[in-house]
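Dear colleague,

I am writing to hand over the structure we discussed. Please find the sequence and the coordinates below, followed by a short account of what was found.

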Amino acid sequence: MSRSAHPAGPRHGDVLPEGHYAAPPADLNVLDPKVWARTVTRNGDGAVTVGGLDVARLAEEFGTPAYVLDEDDFRARCRAWADAFGKDADVFYAGKAFLSRAVVRWLKEEGLNLDVCSGGELTTALDAGMPAERIAFHGNNKSAEEIHRAVEAGVGRIVLDSFQEIVRVAHIAQSLGMRQRVQIRVTVGVEAHTHEFIATAHEDQKFGLALAGGQAAEAVRRALQLDGLELIGIHSHIGSQIFDTSGFEVAAHRVVGLLKAIRDEHGVELPEIDLGGGLGIAYTSDDDPREPHEIAKALSEIVTRECEAAGLRTPRISVEPGRAVVGPTAFTLYEVGTIKQLEGLRTYVSVDGGMSDNIRTALYDAEYSVALVSRTSDAEPMLVRVVGKHCESGDIVVRDAFLPADLAPGDLIAVPATGAYCRSMASNYNHALRPPVVAVRDGEARVIVRRETEEDLLRLDVG
Ligand SMILES: *Cc1c(COP(=O)(O)O)cnc(C)c1O
């Protein structure tokens, strides 16, 4: 072993990501509060704690890999979003980022509404007691059965995504003797600053009805004619992991343009505008997300200005943050299993999870950071790639990051900012058992989603 031979920076031949990690952080033991949940700290003896609990004890009690979620942080972020938008706007948490019954109860208690995009999410929301009128139902191909359940339950809004769905929802509502409140999802031709695969508002995509070419206006025409529907507004979602409100500015301008066209053609001013989600979080120290109150102020100014210019009453605004609420609140705790050093090339650190608990790196080239959390170390920084245990060479958790050169099997490392789109996108690849979500608060830890068992796997296998 020649770990001590690592200089205090990337070695000649090390493969570095463009523009990032050109130099290691000054002190690997320091946890950047930007990327870690609020109550995560390193105490005097070097142990990392969350909610007052030692992470090594959590690993002992609940096993690894595990998602550890800071409940205080989650609740505080809900309140920050609710307070920032105030009583003249609505915040819908995007349940697809991570949903469980506990999450639904926290949302309910902290005053947020909830977006669902499947029958399963709807069931979870209703089962945990979210009032139906605080639920919005999304999706580009909701089944007739899902629509039926949503309408019957009395969801506050269904976001219509296609011409077929306009008719489908209207018929189902009518058959139930109801009138469903709906919004129409439009694509405004904005490609938010983000990775191509997670940008959704340019026109060549499966979601929504395009403003360009008149699809959206035609959808409004049809929806206004159907008795089963009450058209309350227009919806636009422009992408993911967005740091800059200029994309929202263009989107709002175009949506308000449609509201004006609707007023001119039909004599109605729609009362609501939903600007979607997609607000960014810090995955690494390089990311600088804006605070909810700054975003709220910017969005409300943009919409007010556009409406004034168009001679319209300012509609009620809603937003749908998912990642920005839950993402920063959790980290994934892993145990290091093997370390493979390829001299002059790369060091692979294998953990006991991987793409089955975090597909985002493989899927989107997502960036993450990582830290040694079971102890401190004064060893020099070592550039590593953190990989999983799956039979796939793209099974990467953290592409390039620094860990101390004395890292050894049995050490616990944690990847912060994994609250969003990790457990919710987790898979059973290689018959992996999906990890638990452990919520911590005030010195207490509680499993809110339990670890899958081999029994769970075999229960589905009925052949
Ligand atoms: C995914 C999605 C969101 C949430 O996106 P985040 O990046 O998690 O904020 C909100 N609204 C719609 C319609 C979505 O598809």
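This is a predicted model: local features need pLDDT of at least 70, side-chain atom pairs count only at pLDDT 80 or more; totals for chains, interfaces and linings use all residues.

The protein comprises 463 residues, and its radius of gyration is 24 Å. Taken along the principal axes, the box filled by the C-alpha atoms is roughly 75 × 50 × 40 Å.

As to secondary structure, 12 helices and 21 strands were assigned. Of the contacts between residues at least 6 apart in sequence, 71% join residues that are at least 24 apart.

The protein is divided into two domains. Domain 1 is made up of residues 41-70 together with 328-460, while domain 2 covers residues 138-321. Their C-alpha centres lie 36 Å apart. Where the domains meet, nine residues of domain 1 are in contact with seven residues of domain 2.

Turning to burial and surface, 55% of the 463 residues are buried. The protein exposes about 19,300 Å², and carbon and sulfur atoms supply 49% of that area.

Finally, the charged side chains number 48 positive and 69 negative. The centres of these two sets lie 3 Å apart.

Yours sincerely

Technical notes: Residues are numbered from 1 along each chain as its sequence is written. Side-chain values use heavy atoms; hydrogens and water are left out. Helices (H or I, at least four residues) and strands (E, at least two) are DSSP runs, numbered from the N terminus. The radius of gyration is taken over C-alpha atoms; the globule rule is 2.2 Å times the number of residues to the power 0.38. Buried means under 20% relative accessible area, exposed over 50%, partly exposed in between (1.4 Å probe, protein chains only). Contact means heavy atoms within 4.5 Å. Accessible areas come from the Shrake-Rupley method with a 1.4 Å probe; for residues, only the protein chains shown count as cover. Lys and Arg count as positive and Asp and Glu as negative; His and the chain ends are not counted. The place of a charge is taken as NZ of Lys, CZ of Arg, CG of Asp or CD of Glu. Domain bounds come from an automatic or database domain assignment.
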